[in-house]
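Colleague: I have a model open and would like to learn how to read it. Could we go through it one feature at a time?

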Amino acid sequence: RRLFPRCRYLLYASGDFVKVHSVNTEETLRLLGGHADLVTGIQLNPQNHMQLYSSSLDGTIKLWDFMDGILIKTFTVGCKLLALHTLASAEDSVFVVIPKKGERDTFQLVSVKLTKGAGQNLESNELSVVLDDVGASMKHIAFGREGSYVVSVKDVNLQVYFFKRKLLNRFSLSTVKTKGGDNRFSCVVCHPTEDCIATGHADGKIRLWRNFHHRKAYTYSALHWHHDIVMDLAYSMEGTRLLSGGVESVLVQWHNESSCQKDFLPRLGSPIEYISMSSDGVLCCTLHTDNRLSIINSNLRFSRSIQGLIKSRDVKTGLVVDPRTKALVLNGEPGHLQFYSLQSDQQLFSLDIVQRQYIHQAGLKQSDLVKVAFSARGTWLATVEESEELTDPELQLKLWFYHEETQSFTLNTRINTPHDNHITDMCFRDMEELGDDSTILVTTGRDCVFKVWVMVEDSDPEAHQNVSWSCDFVGSYHSYQATNCCFSEDGSLLAVSFEETVTVWDSLTWDLKCTFCHPPGNIRNICFGRLTCSKYLIGATDYGFLCCWNLLTCALEWSAHLNIVILQPDPLSEHIAAVSWLSKESSLFVFKPSEPRPVYIQRNICKEKILLAAFVPRDEPEMISSEKYLWLKKSQLFFLTDTQELMTLSTKSLEERLTPSSKQLAVEESLPVTPFSLLLGKHRRQQAQEDIDFGKPVVHNKQEQASPAVKELLHTPAHVLPSASFLCTIFINSLLISKENK
């Protein structure tokens, strides 16, 4: 959440990485990777603004040349680093927040002396404690004018340490919570040119502290607009404006520290967690709780936003892949579906499914999105929404059609109360030989039935569409609850699990063909094998068994004693990924149904519990040399953990995963561009494309490309160029072809 001085780049921490984002093109230019755990702080090097420091929970501080994506140094501190600060006056040191040894949930602000040396990996064990008992967040510590003092806030206590005088002043507010009053500190920031400290509080007040050099003669004044906690504060570069944000999703700008002079930027979408100003004061960036960055101009006008993966309260839809865009589709904002691009790490768009205003009030029962399914081509989208009532939920099944002209989904059919109880699963069938007429939808419910929904021609002359959906068949099995459903690869068979039993149905006649059972335990997941393994049906029970049945012999082929919580088939190969959860450990098993021995096993794949998984088809097959990872050749496997972290398995290093286009873009961004350079570059690209279209060989003149005269003409601003007579001789000579054969 730091802006580059000329407002061209936005640098922000994202998981284990630091991302360099172009403010102008809205593209990610660099992905700085090397930390082994969460990045907790980033700061520009005060001595060189082309370099960046980053800290992490892995106990290291890294120094980057972020324009070229080069790691310059790694300083190993040896303990978890929770926040990072830099000072221009402290050339060889940085400040970090670390846990205090021997004490739980107690932290210290320490100065780390960065070791000088020739190697890239250095030990930095020289730590000096600056402040004790500080807050763990970056928002709880601020450095004052010219780095002469440091301020820390925690609970109702404020500490100010003066470096030259080595003096520590402590101030405390009342702990008594009055009506509508809560004095706990939430954030702190220092005025850039004056001795003034601004603090945010849990009750929405902002206090401005002065004369804090004296323990008893200090004063403070208050600003109050926010009705709840002030989540962050930021001063403008000159200090005449103070920005504040909180749960109201409104950015407030206070002028000259006066409560009478303030401006607002409302409706920013979600609560503001962090605020950062660019070093020239032209832009402001806000980070929101829905994992979104908003870039705002200095006149408080919204410019653009960068929407990442929204952290939903509960991902009830599972991880679903959109067949058209290959985007991950899951719960986003309340009542919305988010389409998240894995390539750009940004949200493509959000689809409002529930179409009702969500009220943020605890205990209020509201409708939410719980199930999602796409047809094979992505033409149809089925969604289920239900109220939060446990006994008598309000259910709606909606069918959405994708229009190529408008590039969006429109609601085709709304079905109220499709089942008498919660819908547990649903899936589409597409049989290519039958065309669009083969598209049907199956839903299963706790009302002990599964239902088949088909398209019918709409007879209503006033209808705006040609087709709608209606129920064509209702199936059941011994009054057991229907829990899961899936179609075979060719669509000819439907498998529906009823508690402990799996039933297999003919999808054309809806005749029951056979049943499978593996007591004790209810069926938790089912899926068919694909390609050469299409004769197998796989099921996992909640009693810890993974079973494989042969559809030709109607017998159990093999079983394994594993507590499988996720069963995910790869749509482009025979492989199936199974994730187990045992003794607080998630393990991954990849296997083919025809072979009971897994082709890949990864124990303790991550620290958190894996809740969901999805295979995402690759644009082109991956070149994989190791036989161990051949199952990742056509698709990539993604996981979502219980802490809402999206993870993946990769066979490539970070540098290999960066696309050549993003590297080239970063190089071009670093060069000064003149209008003449842009015009000539566009003309050259057009000429090259025409040559390719007409079958002409494209010849690259290396001598011309390397000519310093041409480079100087194209990339030097006109007002500082030498005279044309001076450049002419050099330019003409650069175009001459040497007689020597080199």
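Modeller: We begin with sheets, and for that a definition is needed: two strands pair if DSSP finds at least two bridges between them. Keep in mind that this is a predicted model.

Colleague: Which strands form an open sheet here, and in what order?

Modeller: Four strands do, in the order β38-β39-β40-β41, and their pairing is antiparallel. The edges are held by β38 (423–429) and β41 (467–475); each has a single partner strand, so one side of each is left without a neighbour in the sheet. On average, neighbouring strands of this sheet are turned by 25° against each other, direction ignored.

Colleague: How many bridges join β40 and β41?

Modeller: Strand β40 (residues 450–457) pairs with β41 over eight bridges, in the antiparallel sense. To see one of these positions, find V452, whose bridge partner in β41 is F473.

Colleague: What do I look at in the hairpin of β44 and β45?

Modeller: Look at the pairing, then at the turn. Strand β44 (residues 501–506) and strand β45 (residues 512–517) run antiparallel and are joined by five bridges. T503 stands opposite T515 in β45. The hairpin has five residues between the strands, and W510 takes a positive phi near 60° there.

Colleague: Are D345 and L531 buried, exposed or partly exposed?

Modeller: The cut-offs settle that: buried means under 20% relative accessible area, exposed means over 50%, and partly exposed is in between. D345 has 22%, so D345 is partly exposed. L531, with 42%, is partly exposed too.

Colleague: Next, the aromatic rings. How many aromatic pairs does a search of the whole structure find?

Modeller: The search finds 32. To name a pair, look at the angle between the ring planes: under 30 degrees counts as stacked, over 60 as edge-to-face, and the rest as tilted. F171 and W209 are 6.1 Å apart, centre to centre, with 45° between the planes, and form a tilted pair. This pair links distant parts of the chain, as F171 is in strand β17 (residues 167–172) and W209 is in strand β20 (residues 205–210), 38 residues apart. Both are buried: F171 has a relative accessible area of 3%, and W209 has 1%.

Colleague: What about the rings of F339 and F374?

Modeller: Their centres are 6.1 Å apart and their planes stand at 80°, so this pair is edge-to-face. F339 lies in strand β32 and F374 in strand β34 (residues 368–374), so the pair ties together parts that are 35 residues apart in sequence. F339 is buried at 0% relative accessibility, and F374 is buried at 11%.

Colleague: Which residues form one aromatic cluster?

Modeller: The cluster consists of F450, F473, Y477, Y480, F498, W505 and W510.

Colleague: Where does a charge sit over a ring?

Modeller: One place is at Y274, where the charged end of K139 sits over the ring, 4.6 Å from its centre. Another is at Y402: R324 lies over its face, at 3.4 Å from the ring centre.

Colleague: Last, the nonpolar cores. How many residues has the largest one?

Modeller: It has 17 residues, and L588, I605, I610, W631, L637, F639 and L649 have the most contacts inside it. At least two residues each are supplied by β51 (576–581), β52 (586–591), β54 (610–617) and β55 (635–641). The largest share, three residues, comes from β54.

Colleague: What is W631 in contact with?

Modeller: Leaving aside neighbours within four places in sequence, W631 contacts D570, H575, L588, V590, Y600, F615, L637 and L649. Apart from this core lies another, of 16 residues, among them V151, V156, L173 and V188.

Definitions and conventions: Residues are numbered from 1 along each chain as its sequence is written. This is a predicted model: local features need pLDDT of at least 70, side-chain atom pairs count only at pLDDT 80 or more; totals for chains, interfaces and linings use all residues. Side-chain values use heavy atoms; hydrogens and water are left out. Buried means under 20% relative accessible area, exposed over 50%, partly exposed in between (1.4 Å probe, protein chains only). Axes are lines fitted to C-alpha atoms, for helices over the stretch in contact, and angles run from 0 to 180 degrees between N-to-C directions. Rings of Phe, Tyr and Trp (its six-membered ring) pair if their centres lie within 6.5 Å; planes under 30 degrees apart count as stacked, over 60 as edge-to-face and the rest as tilted. A charge sits over a ring if NZ of Lys or CZ of Arg is within 6 Å of the ring centre and within 35 degrees of the ring normal. A nonpolar core is a set of buried Ala, Val, Leu, Ile, Met, Phe, Trp, Tyr and Cys residues joined through side-chain atoms within 4.5 Å. Contact means heavy atoms within 4.5 Å.
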